[in-house]
Amino acid sequence: MWKVVGERAVSLVVTLLMASVGIYGALFLAPGNPATLLAGGHATPAVLAAIERSEHLNEPFFARYWHWLVAVLHGNLGQSFVYREPVTTLLAGRVGNTVFLVLYAAALIIAGGVVLGLLGALDRRAGAVITVVTSVGLGIPSFVAAIALITVFSVKLGWFPVFGTGSGWLSQLWHLTLPAVALAISWTAYTAQLTKAAVREELGREHVETARSRGISTRHVIVRHVLRNAMIPITTVSGLTVAGLIAGDVVVEQAFGINGLGSFLVQSTLQKDFASVQAVSLILVATFVVVNGLVDVWSLVLDPRLRAGRA
Amino acid sequence: MSVLEIDHLAVDLPVEGVLRRVLHDVTLPIAPGEAVGLVGESGAGKSMVSRAVIRLLPEGAAVHGDIRYAGDSVLAMGRPALRHFRTHDVAMIFQDPRAHINPVRTVGDFLVEALVERGERRESATTTVTALLASVGVSDPERRFRQFPHELSGGLLQRVMIAAALAVSPTLLLADEPTTALDVTTQSDVMVILDARRRERGLAMLFVTHDLELAAAVCDRIAVLYAGLLIEDVPTGDLRRDLRHPYTAGLLASRPDPVSPRRRLAAIPGRPLSAFEIGPGCPFAPRCPFAVARCLSERPELRDLDTGRVACHRAEELRGQLLSIATPGAASA
């Protein structure tokens, strides 16, 4: 098993390196002078020359990339010329909000999706209702959900704040509930449908029939044989879902005025703050790749048939 | 008294929303310690019989008649009684161990599960099962316990299934084509082990197979199923000496001959009918070389004849003639 884990780790590092080349290279694919881009569009020739020197822009591409990569690995994500501050400082205050929001939404998705899906698979009548509800839920984009939730729960009922993140753990939870729900709706519906299908499929398996024939109680059959095996497809897809949340997060942060990575990405893009865009992109891609890697390892834990590897 | 009595069992299964008959009428008693081979072509309904006994028919199936275990109706059992029946009295050995054992749990988990479920401690269950593994010819039980099903060969896995079935000390074994999914060389090994352990423990067995020869080798009685109807029930010893039903004779004639293997294999003309297709008469009549008008219009009852039972209008008059067609080589001559 550890051999397979090692292989996955190597391919994860390779993927990250390739992604970083792409992200760094985008700077030179964009029209115009990279120094102008880094400066945010308005700069005197003296400033541009300084940037060219500090960013090694006169050197060959891979030498420049190397300088940049070494800096990134040392935790230096470059300088924002718009804010005139290191990008790391700008990110520090925002990462927490985004992580909180994404984990909150992920918890809602996994708990809600698995419970609804299981219920739908085990009970015929509940199944019919859940199919309809999740089909509708699947079609609700997070920006629509965000507006609807704000209208109903913040403006009309006044149960939740309209925007902001609050301070302190409980207040944060309260402030981020609507955003997390908005982010979670369609993914929960998706996870519910997937869980329902996976559980239905496992219920029809021959080994479940064996367990029944041996007089194993229904509860044990469901937990040990149906859910246990259905966990394999469910976690694989849940992992991808969580990775996908990072993209959906951009929209929701904008809608709820949350000061996180998503809204920072939008602002930086509008202000042509290239170093910040680069840094946020790098973080989003790295998170995506790492989450996928973790899901891969987790499925090795769940499915012994995969552990043998290709050997 | 019989340990199991299958009494005028009929089963309808839902096919695209409509109930369709898959078993017409099966009456079959099994005495304690007796092995009964239930033989028939694919689609004859033989698996339905064994599944009905352990109440594993698909959802929506309609069951008529009765099945009694030690006098108690299995069909009328409530949840606790059914669980007790399944955890103590009966055990089923399925056809394909690879599909019928959970692939993500260890072999050890599978083996002790039923014992733990009925309240035994895992340690004592492990001791019981380890001894059983040795008795079914599985070496290195400690290592097997930790392994996963995909790490074992099909033959080994089927022995594990047999050990799991024996673990609960049942009085009745249901074996549904237990060697069909195995390759030919391991089939006989597994069968020998199953037969030996069953005899040793005096278990009754319902052995479902399409292989008449195999059934004859390990069973005391052979019951022949055709299109959902039991058409013959005969002691194994009489099977070759005294043939009573043309279909059984045809089955015996169609087996390959070990003495002159180049002989063209005899076949029963026509195709086997499904249970829902049969007309008012004998289900085998359209393919039967001895059929007369009555056979097509009137369904023969299963009636006692000497040592067994047979459902054929002409059983008595055909008795002498059938033996000649069932002897390999004779039919083509």
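User: Why does Arg121(B) count as exposed?

Analyst: In this predicted model, Arg121(B) has a relative accessibility of 60%, and since exposed means over 50%, Arg121(B) counts as exposed.

User: What makes the pair of Arg121(B) and Glu123(B) a salt bridge, and how does Glu123(B) count by accessibility?

Analyst: The closest N and O atoms of Arg121(B) and Glu123(B) are 2.8 Å apart, and because the cut-off for such a nitrogen and a carboxyl oxygen is within 4 Å, the pair qualifies as a salt bridge. Glu123(B) has a relative accessibility of 48%, which falls between the limits of 20% and 50%, so that Glu123(B) counts as partly exposed.

User: How do you know that Arg294(B) and Glu298(B) form a salt bridge, and how are Arg294(B) and Glu298(B) classed by accessibility?

Analyst: The side chains of Arg294(B) and Glu298(B) come to 3.2 Å, N to O, and because that value lies within 4 Å, they are said to meet in a salt bridge. With 43% relative accessibility Arg294(B) is partly exposed, and with a relative accessible area of 37% Glu298(B) is partly exposed.

User: Which salt bridge joins Glu113(B) to chain A, and why is Glu113(B) called buried or exposed?

Analyst: The side chain of Glu113(B) meets that of Arg224(A) at 3.3 Å, N to O, and because the limit is within 4 Å, this is a salt bridge. The structure holds 32 salt bridges over all chains; this pair crosses between chains, with Glu113(B) in helix H4 (residues 107-117) of chain B and Arg224(A) in helix H11 of chain A. The relative accessible area of Glu113(B) is 5%, and because buried means under 20%, Glu113(B) is buried. Between chain A and chain B the count is 5 salt bridges, and a network of salt bridges links Arg214(A), Arg224(A), Arg83(B), Glu113(B) and Glu117(B).

User: How many residue pairs are in polar contact between chain A and chain B, and which elements of chain A contribute to the side that touches chain B?

Analyst: There are 15 residue pairs in polar contact between the two chains, with both residues at pLDDT 80 or more. On the side of chain A that touches chain B, two or more residues each come from helix H10 (206-213), helix H11 (218-256) and helix H14 (304-307) of chain A. H11(A) gives the largest share, 7 residues, and by class this side of chain A has 4 nonpolar, 9 polar and 10 charged residues.

User: What area do chain A and chain B bury between them, and how many residues does each chain bring to the contact?

Analyst: The size of an interface is often given as the accessible area lost when the parts come together. Chain A and chain B bury about 2200 Å² between them, with 52% of it on carbon and sulfur atoms. Of the area that chain A buries against chain B, 30% is supplied by Glu209(A), Ser213(A) and Arg214(A), more than by any other three residues. The contact takes 23 residues from chain A and 25 residues from chain B.

Terms used:
Residues numbered from 1 in each chain as written. Chains lettered and ligands numbered in written order. Predicted model: local features only at pLDDT ≥ 70, side-chain atom pairs only at ≥ 80, totals over all residues. Heavy atoms only, no water. Contact = heavy atoms within 4.5 Å. Buried area = accessible area lost by both parts, 1.4 Å probe. Polar contact = N/O pair within 3.5 Å; in protein donor to acceptor, adjacent residues only side chain to side chain. Helix = DSSP H or I, 4+ residues; strand = E, 2+ residues; numbered from the N terminus. Nonpolar A, V, L, I, M, F, W, Y, C, P; charged D, E, K, R; others polar. Buried < 20%, exposed > 50% of the residue type's maximum accessible area, 1.4 Å probe, protein only.
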